[in-house]
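Hi,

Here is the structure I promised to send over. Have a look at it first, and then read on for my notes.

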Amino acid sequence: MRKVKDLHYTRERIPTPDDDFLDLDWVKKENKDLVIISHGLEGSSTRPYIKGMAKAFSEEGFDVLAWNFRGCSEEINKQLRFYHSGATEDLDHVVKHALNEGYTGIHLIGFSLGGNLTLKYVGEQGENINPKVKKAVAFSVPLDLGSSCDTIAQSSNVIYSSRFLKNLKNKIRRKAELMPNQISVAQLNTVKTIRDFDEMFTAPLHGFDNAADYYHQCSSIHFLKHIAIPTLIVNAKNDPFLSDECYPEEELAQHPHVTFEMPERGGHVGFTEFNTEKRYWSEKRALSFINKN
C-alpha cells in the first residue's frame with residue numbers, strides 16, 4: 001500500500017547477447033557511484049520496495065539503476081526463456097553495461113529472488129569480481145530455494161503463493177500466445193504450487209533437469225563462501241517465506257566479508273518504519289552499510 005512519490009525513471013532498453021532485451025530504469029545524479037537494484041519474484045522496478053530504495057539512494061546523491069528481469073517490464077521478452085533465481089548472466093550483462101557508462105563504484109542491492117541472484121553473482125565472481133563492484137546488500141533472501149519454496153506453499157501463505165502463481169501462469173499463457181509451437185499450456189491447470197510451476201516450466205525452459213536440480217544449482221547458500229567483497233544479508237526472523245536453512249548464522253559468523261543480520265521484525269521485504277524522512281528501516285540500513293568506509 002506504500003506510495004513512493006517524486007521519483008522519476010528514465011528507461012533504457014539494452015539488447016542481450018541472445019537477441020533478447022532488458023529494460024533498465026535510471027535515476028541519474030551525474031555521480032560516479034551507482035547502485036543497481038534487483039527486484040523479487042514477479043516484481044519490477046515499479047514496486048514500492050524498489051522505488052523506496054531507489055529514492056533513498058538518489059536523495060543521497062547516488063546514481064540508481066533499477067532493472068527489470070526478462071518479461072517483468074510489462075512486455076513479454078522475445079526468447080523462450082524468461083527469468084529465474086539463478087540467471088546471473090543477465091545481472092552480469094547489466095553490470096558490464098553500467099561499467100561502460102564510466103562508473104567507478106558500483107553497489108548491488110537485491111530483494112528476495114533478486115537477493116539470491118545478487119549473492120549468487122557475487123559468489124560466482126569471487127576474487128575475480130571487477131574491482132569497481134564495491135559492495136552488495138540483500139534482503140529477505142531464500143538462500144536455500146527448495147526448502148523456501150516449500151515454506152511458501154504452506155497454508156499460512158496461501159494468499160501470497162496464490163498471487164505468485166496467478167502471475168506466473170499468466171506469463172506462461174502470454175508467452176504461449178507468442179510461441180504456440182514451443183510452449184504448451186495444456187497442463188497449466190495441474191500446477192498447484194510454485195514447485196509444480198518450476199518442475200513443469202522453469203526447469204525445462206532454462207536447461208535444468210527438474211525443479212530439484214534448479215534449486216540446487218541456483219541456491220545462493222552454495223556460493224556464499226566465495227564472496228570476496230563486503231556483503232550484508234538481512235533475513236528477518238518473522239519472514240513467513242524463509243525456511244530454517246535461510247538463517248546460516250553459525251556458518252557465516254567467521255566469514256571475512258559477509259555480515260549476516262536477523263532482526264526480530266521485518267517480514268518479507270517489509271522492514272516498515274515511519275519517520276519524517278519516509279524511509280524504511282531497510283533503506284536506512286543499506287545506506288549506512290554502503291556509505292561505511
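Predicted model: local features only at pLDDT ≥ 70, side-chain atom pairs only at ≥ 80, totals over all residues.

The annotated site

The unreviewed UniProt entry marks Ser112, Asp239 and His268 as "active site". These three are spread over 157 residues of sequence, yet they cluster in space, with a largest C-alpha distance of 10.8 Å. Two of the set, Ser112 and His268, are also part of the lining of the largest pocket.

Let's take Ser112 to begin with. You'll find Ser112 in the loop that sits between strand E5 (105–111) and helix H3 (113–125). Is Ser112 buried or exposed? Ser112 counts as buried, because its relative accessibility is 11% and the cut-off for buried is under 20%. If you skip the neighbours within four places in sequence, Ser112 is in contact with Gly40, Phe139, Ser140, Val141, Pro142, His268 and Val269.

Now for His268, which is in the loop between strand E8 (258–261) and helix H9 (281–291). With a relative accessible area of 22%, His268 comes out as partly exposed. Leaving out residues up to four places away in sequence, His268 touches Ser112, Ser140, Asp239, Pro240 and Phe241. So which annotated residues does His268 touch? Both Ser112 and Asp239 are in its contact list, and both carry the "active site" annotation. What does the side chain of His268 do with the side chain of Ser112? The two side chains make a polar contact at 2.8 Å.

The sheet

The strands form an open sheet of 8, in the order E1-E2-E4-E3-E5-E6-E7-E8, and the pairing is mixed. Strand E1 (10–15) and E8 are at the edges; each has a single partner strand, so one side of each has no neighbour in the sheet. From one strand to the next, the twist averages 20 degrees.

If you open the model, I'd start at the polar contact between His268 and Ser112.

Cheers

Terms used:
Residues numbered from 1 in each chain as written. Heavy atoms only, no water. UniProt positions renumbered as here; feature names shortened; annotations may be inferred. 1 Å grid on protein atoms, 1.4 Å probe; cavity = no way out; pocket = protein on both sides within 12 Å on 5 of 7 lines; lining within 4 Å. Helix = DSSP H or I, 4+ residues; strand = E, 2+ residues; numbered from the N terminus. Buried < 20%, exposed > 50% of the residue type's maximum accessible area, 1.4 Å probe, protein only. Contact = heavy atoms within 4.5 Å. Polar contact = N/O pair within 3.5 Å; in protein donor to acceptor, adjacent residues only side chain to side chain. Pairing = 2+ DSSP bridges. Axes fitted to C-alpha atoms, helices over the stretch in contact; angles between N-to-C directions.
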